[in-house]
Amino acid sequence: MKEIRCYKNTSNGLVLVGVIDDYQSFSFTRTYSDCGEWQLTLNGDTKNAKLVKGMNYISMNNGVCGVVEQLENNVGSNNIITYKGSELKGITRSRIVMPPTNSAYLTIKKNPALVILDILNTQLVDCADPKRIIPNIRIDNSIEVDTTDKIEFNGRFGNVYDEINTIATAYNIGWYATIEPKQSNNQYAEIVFYVYNGIDRSKNQNTNSRFILRYSND
């Protein structure tokens, strides 16, 4: 079985509380523009299950990370514990788009990928109201884009996840969040958001090598 690393959120960063390698089942749906879900089932009597009690996040590898949203504990004869949640980027659902002070809208005129990065930064990290900051988050800005390809985003009180998903879907942009060692102190971890442009490998283009899962008569 692949190991699942489990973290708790603290004021200093994410702390590893345990590693599960004896789970009964694990499913994870990773998506490109949307937000997938995951489910983890384990025996509550095991040492690992007791170590990770109260965990906030899970991580199997880069991009396969989730936020814990639901816990079901069947205290019957089998004592089965089931954790459920969404991909880690689902934490953006906890914030709405707040316009800057003295402005009716948050207006951004940039390439679509850069608009997404700005929304993440202004609504999760560099917020005008410090109370709205979600701690232990970093935004990676390393994506290369054509800065001449611009859109105009005007946001006001819409859900952050919904706004990003709309842009990402419309312009075929991928985004995800993962857990990495904290840059300032690698004894702790942090959540890092990435935005990227996928590679078109469909049969309708001739630039990239094609990736075909099955043939059809279409």
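Entry 1, the β5/β6 hairpin. I began at the hairpin of β5 and β6, where 2 residues lie between the strands and G63 has a positive phi near 90°. The model is predicted: local features need pLDDT of at least 70, side-chain atom pairs count only at pLDDT 80 or more, and totals for chains, interfaces and linings use all residues. Residues are numbered from 1 along each chain as its sequence is written, and side-chain values use heavy atoms, with hydrogens and water left out. Helices (H or I, at least four residues) and strands (E, at least two) are DSSP runs, numbered from the N terminus.

Entry 2, strand pairing. I counted 4 bridges between β5 (residues 57-61) and β6, which run antiparallel; two strands pair if DSSP finds at least two bridges between them. I58 is opposite G66 in β6. I then followed β6 to β7 (residues 80-87) and found 8 bridges, again with antiparallel strands. L71 has Y83 of β7 as its bridge partner.

I looked up the cores, meaning sets of buried Ala, Val, Leu, Ile, Met, Phe, Trp, Tyr and Cys residues joined through side-chain atoms within 4.5 Å. Buried is under 20% relative accessible area, exposed over 50%, and partly exposed in between (1.4 Å probe, protein chains only). The largest core has 37 residues, and Y57, L88, L120, I191, F193 and V195 touch the most other members. Elements that each supply at least two residues include β6 (64-74), α2 (112-125), α3 (160-170) and β12 (189-197). α2 gives the largest share, 7 residues. Another core of 15 residues lies apart from it, with I20, M55, I58 and I81 among them.

I listed its contacts (heavy atoms within 4.5 Å). Not counting residues up to four places away in sequence, F193 touches several residues, including L120, L124, I137, W175 and Y176.

How do the axes of α2 and α3 cross? They come within 10 Å and cross at roughly 170°; axes are lines fitted to C-alpha atoms, for helices over the stretch in contact, with angles from 0 to 180 degrees between N-to-C directions. α2 is therefore roughly antiparallel to α3, a label for angles over 145 degrees. The contact involves, among them, V115, I119 and L120 of α2 and V160, I164 and I167 of α3.

I placed N48 in helix α1 (residues 47-51). N48 is buried, at a relative accessible area of 17%. Leaving aside neighbours within four places in sequence, N48 contacts V19, I20, D21 and D22.

Conventions:
Parallel < 35°, antiparallel > 145°, perpendicular 65-115°, else oblique.
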